[in-house]
Amino acid sequence: MTEGTTTSAAAEGGDTLTRLEQEGEIAADYLEGLLDIADLDGDIDMDVEADRASVSIISDTGSRDLQKLVGRDGEVLEALQELTRLAVHRETGDRSRLMLDIAGYRATKRAELAELGAKAAADVKSTGGPVKLKPMTPFERKVVHDAVAAAGLRSESEGEEPQRFVVVLPA
């Protein structure tokens, strides 16, 4: 590898980080406006995780008001994430893969799903047969796929949205 290639790759990585940080800032501004309109208290936390911008709305007071923005089974959160991605797209012209978390909902859900994936993998190892899980969102399926892979097995998604589900398969 030549020095020019190394420098170019490093600059490209820096450009990606800068772009993701910009996405986070645009999203934070959008969400702050939303919180003001809804008269809800919350702090915005921005980060870059797994090559995507990550924005969280958290509350110091532990207020249940933010739960309104999560909704039943995260439905409102999913809608707000899509609206935030659209706001980022409007500003940048690029499709965003931004992840939004509110009041720690996704973090808690991620831990539950990782446990579900590990349990399904253990069931497959003990029975030798595939295990089909209930329909899930793309975020949920990704977490389960990662947990199954960490357990040394493979998994596939089957079905059509919104009834798409994960099947855990023997190695």
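This is a quick walk through one protein chain, from the overall fold down to a few residues.

Before anything else: this is a predicted model, so local features need pLDDT of at least 70 and side-chain atom pairs count only at pLDDT 80 or more, while totals for chains, interfaces and linings use all residues. Residues are numbered from 1 along each chain as its sequence is written, and side-chain values use heavy atoms, with hydrogens and water left out.

Okay, the overall picture. We've got five helices and six strands; those are DSSP runs, numbered from the N terminus, with helices being H or I of at least four residues and strands being E of at least two. Going along the sequence, the order is α-β-β-α-α-β-α-β-α-β-β. The C-alpha atoms fill a box of roughly 55 × 50 × 30 Å along the principal axes.

Of the 171 residues, 33% are buried, and buried here means under 20% relative accessible area with a 1.4 Å probe, protein chains only. On charge, there are 20 positive side chains and 34 negative ones, counting Lys and Arg as positive and Asp and Glu as negative, without His or the chain ends. The centres of those two sets lie 10 Å apart, with each charge placed at NZ of Lys, CZ of Arg, CG of Asp or CD of Glu.

Now the hairpin. Strand β1, residues 43-49, pairs antiparallel with strand β2, residues 52-58, over seven bridges; pairing takes at least two DSSP bridges. Asp45 stands opposite Ser56 in β2. Two residues sit between the strands, and Ala50 in this hairpin has a positive phi near 50°.

Next, helix α3, residues 75-92, which holds Thr84. So is Thr84 buried or exposed? Thr84 counts as buried, because its relative accessibility is 0%. What does its side chain do in there? A polar atom of the Thr84 side chain lies 2.7 Å from the backbone oxygen of Leu80. Setting aside neighbours within four places in sequence, Thr84 contacts Ala27, Tyr30, Leu31, Leu98 and Leu100, where contact means heavy atoms within 4.5 Å.

Last stop, Arg106, in helix α4, residues 105-127. This arginine is buried too, since Arg106 has a relative accessible area of 3%. What does Arg106 touch, not counting residues up to four places away in sequence? The list is Leu77, Glu78, Gln81, Met99, Leu100, Asp101 and Phe139.

Notes
Buried < 20%, exposed > 50% of the residue type's maximum accessible area, 1.4 Å probe, protein only. Polar contact = N/O pair within 3.5 Å; in protein donor to acceptor, adjacent residues only side chain to side chain.
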